[in-house]
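Please find below a short note on the model, arranged as numbered points.

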Amino acid sequence: MGSIAINSLRCVGCKICLNVCSFFHEKEFNPSLACLAIYMEPFTGEVEGEVLGSCDLCGGKPQCVRWCPMGAIKYLKR
Ligand code: SF4
Ligand code: SF4
């Protein structure tokens, strides 16, 4: 097992990870179906990421880690 960690200092809020996650699991580009969430403060642009309990680590090959263009998501193996 392991866990996913989102580095809010690197994340630019593009939400590619959300679309990748939902497509991988639901065959649909729909951020609301993703197993993680990205919140952006509209005035400051500050970003916060949250991994939801539904995350199954993609069976050990996390797609969000693979496709994040900023390298903001890390897979921490245990
Ligand atoms: S893909 Fe990476 S940079 Fe884009 S929202 Fe997700 S964590 Fe942030
Ligand atoms: S590891 Fe897989 S299931 Fe978990 S948030 Fe990333 S893409 Fe979604």
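1. Helix H1 makes the greatest contribution to the shell around ligand 2, giving three residues. Helices here are DSSP runs of H or I with at least four residues, strands are E runs of at least two, and both are numbered from the N terminus. The model is predicted: local features need pLDDT of at least 70 and side-chain atom pairs pLDDT 80 or more, while totals for chains, interfaces and linings use all residues. Residues are numbered from 1 along each chain as its sequence is written, with chains lettered from A and ligands numbered from 1 in written order.

2. Ligand 2 is surrounded by 14 residues, the closest being Cys 21, Cys 55, Cys 58, Pro 62 and Cys 64 (a residue is near a molecule if its C-beta atom, placed from the backbone, lies within 6 Å of it). Two elements, H1 (16-26) and H2 (63-67), each supply two or more residues to this shell. Its composition is twelve nonpolar, one polar and one charged residues (nonpolar: Ala, Val, Leu, Ile, Met, Phe, Trp, Tyr, Cys and Pro; charged: Asp, Glu, Lys and Arg; polar: the others, Gly among them).

3. Around ligand 1 there are also 14 residues, of which Cys 11, Cys 14, Ile 16, Cys 17 and Cys 68 come nearest. Eleven are nonpolar, two polar and one charged.

4. Within H1, Cys 17, Leu 18, Val 20 and Cys 21 are buried (20 or more other C-beta atoms within 10 Å of the residue's own, C-beta atoms being placed from the backbone). These residues lie on the same side of H1 because they cover an arc of only 165 degrees around the axis, taken from the directions from the helix axis to the C-beta atoms.

5. Lys 27 follows H1 and has a positive phi, near 55 degrees.

Terms used: A residue is buried if 20 or more other C-beta atoms lie within 10 Å of its own, exposed if 12 or fewer, and partly exposed in between; C-beta atoms are placed from the backbone.
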